[in-house]
Amino acid sequence: MPTTIRRAVLSLPAAPPGPENPLPALLSPLKQHHLDAAQRAQLPPAMARQVGYGPLRSVLPVRRRDGYSRERTPTDVEAVVIENDRLRATVLPGLGGRVHSLEHKPTGTQLLYRNPVVQPAEFALNGAWFSGGIEWNIGATGHTPLSMAPLHAARVPAPDGGEMLRLWEWERMRDLPFQVDLWLPDDSDFLYVGVRIRNPHDRPAPVYWWSNIAVPESATSRVLAPADEAWRFGYERSLRRVPVPHWEGADRTYPLNSEHAADFFYEVPDGERRWIASLDADGRGLVQTSTDLLRGRKLFVWGAGRGGRRWQQWLTEPGTPGYAEIQAGLARTQLEHVRLEAEGEFAWLEAYGPLAADPATVHGADWDAARGEVETRLEAALPRADVEQAYAAWRPYADLDPKESLATGSGWGALEVERGRFTLPGTPFDPSTLGEEQAPWLELLRSGSLTPPRQVLPPAPTLVSPYWRDQLETAETGNPHYDRYLAYHLGVARWHAGDRSQAVRSWEQIADGDWPAMRCLAVADQEDGHPERAADRFLSAFDSAREQAREGASWTAAMAALGRETIEALLAVDRAADAATVLEGLRPGIRERGRFRLLRARVLLALGDAVGAREIFDRGFEVDDLREGDEVLTSTWHAIAERLGSGARLPERYEFRMRPE
């Protein structure tokens, strides 16, 4: 059959990602991935430079998405299917452009781990993320904020005369456009993926990219890559060089041979072909390869311990097999960012397909023979030279304009193109995509004035790039109402730029009666080591916001986020009674969420009611937005047990630890 691209609809049990959190995300979510100066000093010089380059201060201007639940209902999910005689790839443009499944038709084999549900969890940089398939991670260390966001999608002519699917969007944290082109040459066993990241600005930009591939996990599945060493990073926050495949008495290329969650970044020697494969007991599975620019290869394991197993269940449904992740990136490790020069671009080609190798050799004790067998079979199935030729053939097609739109992303790219007058062949950001959120900024661009909304709202989206900060600094003033609105947004832009004293000055000018500014000042106090003043300001902001609150999803999201921040700030300074009052001041629908039931247990414990706190755990709850590496469930349970003189083990339903005790 000729290669086809068609629309489809998948019916999946899904929990919606929920509304965006209107409170600006002023702080970095990545403390667990931070290496201090002493650790960086032990790294190779080039690697140390990239680890220290372009750290993410926050996810701004992106908003957090943390209002989802675990209530799944049958949902129609828009999909695009790319198919030839050999492969069928199903892509979800509305969910980050994820490749949901990749089926090898002659054998009926599903090459990826295909999650049967869409369950948001707190793994993306901005919150909501779900597991499975192939995801395109751009921005900064971690899962992209676009994990559950819509991308633009369209048909485009392919290099072999057929068609390919183009996905594109404007990545807002680094302010960069990117595209992903997927196509299946006739009779090919490999899905080709061309990727391009462009920097249209007059300044360099830090770039991060990892293609994240979920593969089925079993006791006999092995991950192979052309390396004898790896950099291991665990949730104990240490990066160390370890041998491959054996380390500390076990072969770590079998995912279940690790007890705890960990990353293994393979040290692929210069000049070696870039590839990684996950093969089962019969020597069959998925292989990924690429042109050399995509140098990094990684294995992520959940581990065989209680915490890893619990996370696997949490991300899908009971009875579903687990998965591991094999990945490919621009740098050696995911702690690094790569410099992209002004008006430059990064581009490469990836290929995904089935591989069959001799199982005795693949699973034999001789590591050199095992990886040599995979490399030989890969060269026979898809020669390295063919990948280079496919890349060269694709490059002219990367600039071709789309033929037919299949899905629409956000309007932010159109705003940036209008601002910068950028010419971006192949990735049109149509003015028709501009919407209500972009309207105030388009007016600022054209008239020099930032107009506040007419109705009372939680904070509206803020833009923070150097250009938009300059626009805010020079915006027209003179109207007191407009000036207050301008001062708030200018403060956020200054904070993002690292000019914290001027940010605080902006917010202090309007803090009287302006709860969003008061909340920002509270965050600044926390960062500056003034927890008592921070608690006072959070409490003042909460009381004021509660008086203004209206019905609607945005207000519910704002009050939930502000209530949580306020309660935690009050607990941090031993003001449990005030925290209890805030908790009772929230709407019942918010108080009933698992996160707030946990907060109630912590408040009761702080008030001396360990029995009441334990009863909440005994009745059971789920913290929908529990973040990877967060040990609050464990610490709260043990604090209760210590107060009660109990040695009870943490129940399995609350066991999410990702590191040794």
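**View A. Helix α14 passes helix α15 in a left-handed crossing.** The model shown here, as in every view below, is predicted. Helix α14 spans residues 553–572. Helix α15 spans residues 576–585. The axes of α14 and α15 come within 8 Å and cross at roughly 165°. Angles over 145 degrees count as roughly antiparallel, so α14 is roughly antiparallel to α15.

**View B. The contact between α14 and α15, residue by residue.** On the α14 side, look for G563, T566, I567, L570 and L571. On the α15 side, their partners are A576, D578, A579, V582 and L583. By class, this contact of α14 with α15 has seven nonpolar residues, two polar and one charged.

**View C. Helices α7 and α8 pack at an angle of about 5°.** Helix α7 covers residues 412–420, and helix α8 covers residues 439–447. Their axes are 11 Å apart. Angles under 35 degrees count as roughly parallel, and α7 and α8 are therefore roughly parallel to each other. From α7, the residues in the contact are W412, L415, E418 and R419. From α8, they are W441, L442, L445 and R446. Sorted by class, the contact of α7 with α8 has five nonpolar and three charged residues, with no polar ones.

**View D. The largest cavity holds about 270 Å³ of space.** The model has six cavities of 30 Å³ or more. The largest cavity is lined by 24 residues. Nearest its centre lie H143, Y235, K298, Q334 and E628. Strand β24 gives the most, with three residues. The lining of the largest cavity divides into 11 nonpolar, eight polar and five charged residues.

**View E. The second largest cavity holds about 60 Å³ of space.** Its lining includes P22, L23 and P24. L60, P61, V62 and R63 also line the second largest cavity. So do A460, P461, T462 and Y488. By class, the lining of the second largest cavity has nine nonpolar residues, one polar and one charged.

**View F. A cis peptide bond joins L60 and P61.** Omega for this bond is about 5°. P61 sits in the loop between α2 (45–51) and β2 (73–83). Both L60 and P61 belong to the lining of the second largest cavity, shown in the previous view.

**View G. A cis peptide bond joins V244 and P245.** Here omega is about 10°. P245 is placed in the loop between β17 (238–243) and β18 (246–247).

**View H. E343 has a positive phi.** The value for E343 is near 60°, in a residue other than glycine. E343 lies in the loop between β25 (338–340) and β26 (345–356).

How values were computed. Residues are numbered from 1 along each chain as its sequence is written. This is a predicted model: local features need pLDDT of at least 70, side-chain atom pairs count only at pLDDT 80 or more; totals for chains, interfaces and linings use all residues. Side-chain values use heavy atoms; hydrogens and water are left out. On a 1 Å grid over the protein atoms alone, a cavity is a set of points where a 1.4 Å probe fits but cannot get out, and a pocket is an open set with protein on both sides within 12 Å along at least five of seven lines; lining residues have an atom within 4 Å of a point. Grid points are joined across faces, edges and corners, and a volume is the space filled by probe spheres set on the points. Helices (H or I, at least four residues) and strands (E, at least two) are DSSP runs, numbered from the N terminus. Ala, Val, Leu, Ile, Met, Phe, Trp, Tyr, Cys and Pro count as nonpolar, Asp, Glu, Lys and Arg as charged, and the others, Gly among them, as polar. Axes are lines fitted to C-alpha atoms, for helices over the stretch in contact, and angles run from 0 to 180 degrees between N-to-C directions. Angles under 35 degrees count as roughly parallel, over 145 as roughly antiparallel, 65 to 115 as roughly perpendicular and the rest as oblique. A crossing is left-handed if the near helix is turned anticlockwise from the far one by less than a right angle, and right-handed if clockwise. Contact means heavy atoms within 4.5 Å.
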